Amino acid sequence: MDIIENFIAQSNDAKSQEDVFTHFCRALERLGYDSVVYSLLTDHVSLNRKAGHGVMCNYPADWMEYYNKQGYLPHDPVIHHAFTTSAPYTWKQLLDQKCVSAKQERILNESKEAKLLDGAAVAIYGPKFEIAGVGLASTSGGVDPDKNTLAIIRALANQFHITYSELDSNKNTEKPQYVVLTPREREILMWSAEGKSVSTIASILSVSDSSVKFHLKNIYRKLDVSDRIQAVVKAIYMGLINPSNIRHFHTLPS
C-alpha cells in the first residue's frame, strides 16, 4: 500500500484529531519532513472556528514562542503566498522568485536557525471562502522535493484537512443558530455581497447612509459578527442569502 493509500486508511479510522495529526506527521516523515504546522488561515464558519496559526503543530516550541512574540504572522511570506495559489510550493521557490521583502527573507533565515530547513507549504481551499494551510520543514535538511513529491504532499494535506474537519464537526455539540433577518436586512446583505459600498446601497434603496448603517448594526448583532465581510460569509453559509454575483466580494469596502 503506497503512502497516500496508507494515510487515507489510517486517517479514516482515526478516533481523534490528535490521532489524525500523528498519522499525518508519520506519512510526511517518509518524504523527509519531520516538522509540521497546520493552520486555519481564515475563519472557518463551517467548523465554528476562528483563524489560528499552529492549530496542530510539532514545530519547536521555542521557535513558535519567538515567532508569536515577534509578531511575524502578518509578515510571513509562506502564509502570504498561500492566499495566491492552491499549488504546493517550497520556501526556496519564494526566495528564487525574489517575491519577498527584506523582513520576510529575515523570517525565513531565522527559521533555519531554529532547524526548520528546506521548508514547503500547501494551501487548502474550502467552501465559504475558507483557507487552511500546512507548513513543512526538515530538522536535518537535504530535502529537495520534485513535482511528484509536492503533488503527494498536497494530496496528504487535503486528506488530513478533510478528516480533521470531520472530527471537529462531530465533536461540536452546539445547536444550530437560528437567525431571522428582515427583508430589508437581507436586501442590504445581498448588495453587500455584490461589493456595493454603504453609500451606493443607500442610493439604490433610496435611503440615507445612516439608515443602511443602522440595519448593518442589527445584522452584526443577529449574526454575532463585527463587519460586513463576516456577515456576508456567515449569511451565505446559513442559507440566509443566495447572492447571484459575488465576484467582487474579496474587495468588499468597509
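Trainee: Which elements each supply at least two residues of the lining of the largest cavity?

Mentor: Keep in mind that this is a predicted model. The elements are β1 (35–40), α3 (61–69), α4 (77–82), α6, β4 and β5.

Trainee: And how much space lies in that largest cavity?

Mentor: About 250 Å³. The count comes to 1 cavity of 30 Å³ or more.

Trainee: Which residues are closest to the centre of the largest cavity?

Mentor: V37, H53, D76, V78 and I79, out of 23 residues that line the cavity.

Trainee: How does the lining of the largest cavity divide into nonpolar, polar and charged?

Mentor: There are 17 nonpolar residues, 5 polar ones and 1 charged one.

Trainee: OK, pockets now. What about the second largest pocket, how much space lies there?

Mentor: About 290 Å³. Its lining has 16 residues, and T90, W91, K92, D118 and G119 lie nearest the centre.

Trainee: Which element gives the most to the lining of that second largest pocket?

Mentor: That's α5, with 5 residues. The elements giving two or more residues to this pocket are α5 (91–96), α6 (102–113) and β4 (117–125).

Trainee: And by class, what does the lining of the second largest pocket have?

Mentor: This lining has 7 nonpolar, 4 polar and 5 charged residues.

Trainee: Let's switch to the sheet. In what order do the strands go?

Mentor: The order is β2-β1-β5-β4-β3, an open sheet of 5 strands with antiparallel pairing. At the edges are β2 (52–57) and β3 (89–90), each of which pairs on one side only.

Trainee: How many bridges join β4 to β5?

Mentor: 7 bridges, with β5 covering residues 131–138 and the two strands running antiparallel. To find your place there, look for A121, which stands opposite G135 in β5.

Trainee: Last topic, cysteines. How many disulfides does a search of the whole structure find?

Mentor: The search finds 0.

Trainee: Is C25 buried or exposed?

Mentor: C25 is buried, with a relative accessible area of 9%. C57, on the other hand, is partly exposed, with a relative accessible area of 30%.

Trainee: Great, thanks for the tour!

Conventions
Residues numbered from 1 in each chain as written. Predicted model: local features only at pLDDT ≥ 70, side-chain atom pairs only at ≥ 80, totals over all residues. Heavy atoms only, no water. 1 Å grid on protein atoms, 1.4 Å probe; cavity = no way out; pocket = protein on both sides within 12 Å on 5 of 7 lines; lining within 4 Å. Points joined across faces, edges and corners; volume = space filled by probe spheres on them. Helix = DSSP H or I, 4+ residues; strand = E, 2+ residues; numbered from the N terminus. Nonpolar A, V, L, I, M, F, W, Y, C, P; charged D, E, K, R; others polar. Disulfide = S-S within 2.5 Å. Buried < 20%, exposed > 50% of the residue type's maximum accessible area, 1.4 Å probe, protein only. Pairing = 2+ DSSP bridges.
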